[in-house]
Amino acid sequence: MPEDPCPCGSGRTVEECCGPLLTTERLAETAEELMRSRYTAHVYGNAEHLWRTWDARTRPAEVHPGATRWTGLQIMEVVAGGQEDDTGIVDYVATHEGGVHAERAEFTRRGGRWFYTKEST
Ligand SMILES: [Zn+2]
């Protein structure tokens, strides 16, 4: 629901945070914003948003969010990924009922849009 706290843990409501990104009302301005919206898409099972925001060079043919019940997101570190950047890294820890998923994720901006590229190696 729009007035609910956003699942990404920003402290804002869904409407003021990831909601408009999931409905394509607006684009993510930073890599962190995209990362948060992708986490929220996982929570909501929004495969379309996950696929759309995944770099065409690295994304799978189809995206299946799965049945994992996500319980929280913590952004640990952000490197670049700002409005003046074309690349960025977001280090995050996402918790779910079965454990944690930690990743140092790489993002690329092309044509004014941020995309998730791959896990940083
Ligand atoms: Zn959010």
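Thr 13 is located in the segment before α1, where helices (H or I, at least four residues) and strands (E, at least two) are DSSP runs numbered from the N terminus. The model is predicted: local features need pLDDT of at least 70, side-chain atom pairs count only at pLDDT 80 or more, and totals for chains, interfaces and linings use all residues. Residues are numbered from 1 along each chain as its sequence is written, and side-chain values use heavy atoms, with hydrogens and water left out.

Thr 13 is buried, at 16% relative accessibility. Buried means under 20% relative accessible area, exposed over 50%, and partly exposed in between (1.4 Å probe, protein chains only). Residues touched by Thr 13 include Pro 2, Asp 4 and Cys 6, leaving aside those up to four places away in sequence. Contact means heavy atoms within 4.5 Å. Asp 4 also precedes α1 (19-22). Asp 4 is partly exposed, at 36%.

Nine salt bridges are counted. The criterion is a side-chain nitrogen of Lys or Arg within 4 Å of a carboxyl oxygen of Asp or Glu. Arg 104 pairs with Glu 77, with the closest N and O atoms 3.0 Å apart. Glu 77 lies in strand β1 (residues 70-80) and Arg 104 in strand β3 (residues 99-110), so this pair ties together parts 27 residues apart in sequence. Arg 104 also forms a salt bridge with Asp 91 (2.7 Å, N to O). Asp 91 belongs to strand β2 (residues 87-96), 13 residues from Arg 104. Asp 91 is buried at 18%, whereas Arg 104 is partly exposed at 28%.
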